[in-house]
Amino acid sequence: MPEIRNMTLNFGPQHPAAHGVLRLVLEMDGEVIERADPHIGLLHRATEKLAENKPFNQSIGYMDRLDYVSMMCNEHAYVMAIERLLGVTPPLRAQYIRVMFDEITRVLNHLMWLGAHGLDIGAMTVFLYCFREREDLMDCYEAVSGTRMHATYYRPGGVYRDLPERMPQYQPSKWRGDKEIAALNSNRQGSILDFVDDFVARFPACVDEYETLLTDNRIWKQRTVDIGIVTPERALALGFTGPMLRGSGVEWDLRKKQPYEVYADLDFDIPVGVNGDCYDRYLVRVEEMRQSARIIKQCVDWLRANPGPVMLDDHKLSPPSRGEMKGDMESLIHHFKLFTEGYCVPAGEVYAAVEHPKGEFGILLISDGANKPYRLKVRAPGFAHLSAMNEMVQGHMLADVVAVIGTMDVVFGEIDR
Amino acid sequence: MTEFLYNLLSFLPTPLATVLIVLLKILLILLPLMVSVAYLTLLERKVIGYMQVRMGPNRVTFFGIKFLGGLGQPIADAFKLLMKEIVIPNGADKVLFLLAPIVALAPALAAWAVVPFGSEIVLTNINAGLLYILALTSLGVYGIIIAGWASNSKYAFLGAMRSAAQIVSYEIAMGFALVGVLVAAGSLNLGEIVEAQRGNVLTWFWLPLFPLFLIYFISGVAETNRAPFDVTEGESEIVAGFHVEYAGMGFALFFLAEYANIILISGLTAVMFLGGWMSPWPAFMAAWPVVGTFFGDGIHWFVFKLSLFVFLFLWFRATFPRYRYDQIMRLGWKVFLPITIVWIVLISTLVVYKIPPWFDTATTEVTS
């Protein structure tokens, strides 16, 4: 009589649902998962070590590349950590801009998540609908920073530049006629604030569109309800944050509980789930997109009414203008020092965390008083979520593993760092 | 037309002439079918593309005519796949590995032998047509199982196992749905099944057999492994399922089989439930020259109904998420099977007691 053994299946790293480079070793009894063992490290880029060898400002760009679908939020935590060590507060307008872009980033991230999650479960149309809206938000990134993804827009002491007065427009080409160009540019006639305002006005209807495809769909519900249940107690014990924790019914959101920047002045709600399954987490994230649209609207209104500086007027931190630099010796020295040596940060240790789209994204920064960090540690929310993989998929089927990976919203840039 | 051909080939011995004529007829069915299959892939990409606010393929022109951008795509795809190396994985069973795509494709094509395109247009007008169809559509799954087994890959193996279980459960629901048709029509001959529906759009079987109609079509979607029942190749779970190890022409044959099956199932649904080649409103302006021909019976109605179902296949794919493997089983066994059984009992009662409006005249010989 031959011995019956479980089948071991290598899921990834080259797998369409591995969300990058996840390697899962699954021990399966038929289609049922007995044990799931996530292997990480295939996207390790030593971000933390690299940051130890560079002036503070030069690491901002690396932060974008951690969680590469919510770029500015990563920057935000890092920049906030430096500001706390320095003991400076950016101007109010910069804080509003940061909050606005944090929420734009949240929408960007959740759209990417929704599309990928839908695609994992087989609903491929949602993916393309989501990307249609993502495109507009990417254009906002491009308008303020010049790049569509890795913006490097937040700086210690504020943001790189004020919002542009004119939204970039599509140019005529041999592939697009004048009429098409005019239609594409119709909401790009004013400033970026007008464009964002227009986006926020039509975005809830877009979310409704995604929801018609999924929320009440019987197949979608069969695939997500009661899959990967995490109780509130376990969620807290496992170190869950963000929508993963709120999906389990724990009302925890750093924007409300430890308000940073101007979140205390803004009006928004925290959605929480009930059952802690994939469906609840889906609903929480969809509602978060609507709440983000609300926050963005409030920021747009404030920013319209209140012009002002977006960067501290301290040339130890922020570069002087080109004109000043050419005409003024001291400014030239400031400029040279800032771009070669950077600035020295008082010795100390600080932890700054933001409510990242995926959860609590924290930066622990230890400075010994030099112009480089002594140690930088990133607290990536996805790492804690992925650690719960085994617990969440045990006893489920192979198809549910895909649903659980999707619901975790893992991005390997931040997990492997 | 057959007599004309016999006269033309009168210099040959009769059996040889018959073989030649049958081969010619087969070609007449297969060539348009293969072209339709090729262009169905393009149609799918275009239709789903427009549903997803994008263009679909529009670069490959047709013999350099810019206006027909995209129409050359299937030819280019076929050419590319033909040129590719056939890779046989280590440890694979070579004979079975190469045999599987053929086993998958052959039944999908052979089933067309009994499908009536028009009142006289059918390759073989056999009386056990329905049984033949049932047998051949079940055979297709052997290609998938053999492919999954011969590939010596865990993903392919999982796909094959899923496929086997799925086909077994849906074959039963499908079979019972066809029993309903058989009872209502009183014949196994597909031509006679269509004749039994003669009348107008309201006398077609879709109305009296409505649940069976839905179940037959949905089971057909499941049989062809199309979304939302595409667990055997579920891209995000088992990558490509049974054909994960295939490249080049082997892969292309599986695709041909899948699309040929789509067309077949659509055609069969049209024959069984929507009156095949019959016009929905035959008496409409019958005296007029063009309109009368259009509203008369003819192959164009068959093609039109078939296209309708093909479109539904594509629409499903763009709309629905994928079922989980055990949920498909549940749907097949616990929902479809009971409904079909209940409806067969119901329809048999209607037929036996000749209850109007549908069963008061026809099908007397079966019930007696």
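**Helix H5, chain A**

I began just after H5(A), where A:Gly146 takes a positive phi of about 90 degrees. The model is predicted, and I read each value below as computed from it. I then went back along the helix itself. H5 covers residues 124–145 of chain A and has 22 residues. I looked up its span from first C-alpha to last: it reaches 31 Å, close to the 32 Å expected at 1.5 Å a residue. Next I checked burial. I found 16 of the 22 residues of H5(A) buried, so the helix is largely enclosed by the rest of the structure.

**Helix H17, chain A**

I asked how many residues of H17 (398–408) are buried. The count is 11 of the 11, so H17(A) is largely enclosed by the rest of the structure. I noted the buried residues, among them A:Leu398, A:Asp400, A:Gly406 and A:Met408. Just after H17(A), I noted a positive phi again: A:Asp409 takes about 60 degrees.

**Negative patch, chain A**

I turned to the surface. A:Asp313, A:Asp314, A:Glu324, A:Asp328 and A:Glu330 form a negative patch there. I placed A:Asp313 in the loop between helix H12 (278–305) and helix H13 (322–327). Is A:Asp313 buried or exposed? Its relative accessibility is 71%, so I logged A:Asp313 as exposed.

**Nonpolar patch, chain B**

I moved to chain B last. B:Val19, B:Leu20, B:Val22, B:Leu23 and B:Ile26 make a nonpolar surface patch of about 380 Å². I located B:Ile26 in helix H2 (residues 14–51) of chain B.

Technical notes: Residues numbered from 1 in each chain as written. Chains lettered and ligands numbered in written order. Predicted model: local features only at pLDDT ≥ 70, side-chain atom pairs only at ≥ 80, totals over all residues. Heavy atoms only, no water. Patch = residues over 30% accessible without salt bridge, like charges linked within 9 Å, V, L, I, M, F, W, Y side chains within 5 Å. Areas by Shrake-Rupley, 256 points an atom, 1.4 Å probe, with all protein chains shown as cover. Salt bridge = Lys/Arg side-chain N within 4 Å of Asp/Glu carboxyl O. Lys, Arg positive; Asp, Glu negative; His and termini not counted. Charge placed at Lys NZ, Arg CZ, Asp CG, Glu CD. Helix = DSSP H or I, 4+ residues; strand = E, 2+ residues; numbered from the N terminus. Buried < 20%, exposed > 50% of the residue type's maximum accessible area, 1.4 Å probe, protein only. Expected span 1.5 Å × (residues − 1).
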